[in-house]
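Student: I have a structure open and want to learn how to read it. Can we go through a few features together?

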Amino acid sequence: MNTYTSNSSPIPPSHDQIIDAASALIAERGFAGMSMRGLAQRIGLQAGSIYHHFSSKQDVLREVLDQLHGRRLESWLRQKPKSTDPILLLSAFVAFNVDRQLHNHEEERIINLEVSKLSPCQKTNIQRECKRYVAELEYIIRVGQAKGIFRMANTQSLAHAILGICSCALALHNAGGYDMTHLTKQMVAMSQRLLIANLH
């Protein structure tokens, strides 16, 4: 992990490199299986040196989760269609989430499961980041409701229901061998049935 200059002097790993290494370790071993010593070894630092960057494992996890939430939101915003059509936006959001479940499932697992290991204060901060992402879907639903396309119901509940549908993608892929195109079509159809009152 160490980088070397032309005179072979090691360059200390950057903060982002440490977070990336921690994310990889958590994906491999789970948060419980990651140790500060193991993280230091992964990036080529002395065991005690890691505490110059983080005071505890929980601090490492908080930054890992913060980074993963940020990357997910930024990725969606880059791919988000420049449209006000709620059905198109919904289809794009569902497709984005199915893709993440299949190709970034380790990141999704960390986001969804490891947050419980944080302190209450840290958890509140990370949940705030999560809400920023969910708010994107809630906005799509509200646009559809305002246009009379989507049923009038609690947008937060509908958003979490759709995210719940998307979370099944990996299990369905592994169990039935469905490809991404088929899964995406099915997840979009289920989401539309949930939101569009007269869709059969």
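Student: Is Cys130 buried, exposed or partly exposed?

Tutor: Keep in mind that this is a predicted model. Buried means under 20% relative accessible area and exposed means over 50%. Cys130 has 27%, so it is partly exposed. Cys166, on the other hand, is buried, with a relative accessible area of 1%.

Student: OK, now rings. How many aromatic pairs are there in the whole structure?

Tutor: The search finds four. One of them is Trp76 with Phe96, a tilted pair at 5.7 Å centre to centre and 55 degrees between the planes.

Student: Which parts does that pair tie together?

Tutor: Trp76 is in helix α3 and Phe96 is in helix α4, so the pair links parts 20 residues apart in sequence. Trp76 is buried at 1% relative accessibility, and Phe96 is buried at 5%. Phe96 also pairs with Tyr133, again tilted, at 6.5 Å and 50 degrees. Tyr133 lies in helix α6, so here the linked parts are 37 residues apart in sequence.

Student: Which residues form the aromatic cluster?

Tutor: Trp76, Phe93, Phe96 and Tyr133.

Student: And what lies over the face of Tyr133?

Tutor: Arg72, at 4.0 Å from the ring centre.

Conventions
Residues are numbered from 1 along each chain as its sequence is written. This is a predicted model: local features need pLDDT of at least 70, side-chain atom pairs count only at pLDDT 80 or more; totals for chains, interfaces and linings use all residues. Side-chain values use heavy atoms; hydrogens and water are left out. Buried means under 20% relative accessible area, exposed over 50%, partly exposed in between (1.4 Å probe, protein chains only). Rings of Phe, Tyr and Trp (its six-membered ring) pair if their centres lie within 6.5 Å; planes under 30 degrees apart count as stacked, over 60 as edge-to-face and the rest as tilted. Helices (H or I, at least four residues) and strands (E, at least two) are DSSP runs, numbered from the N terminus. A charge sits over a ring if NZ of Lys or CZ of Arg is within 6 Å of the ring centre and within 35 degrees of the ring normal.
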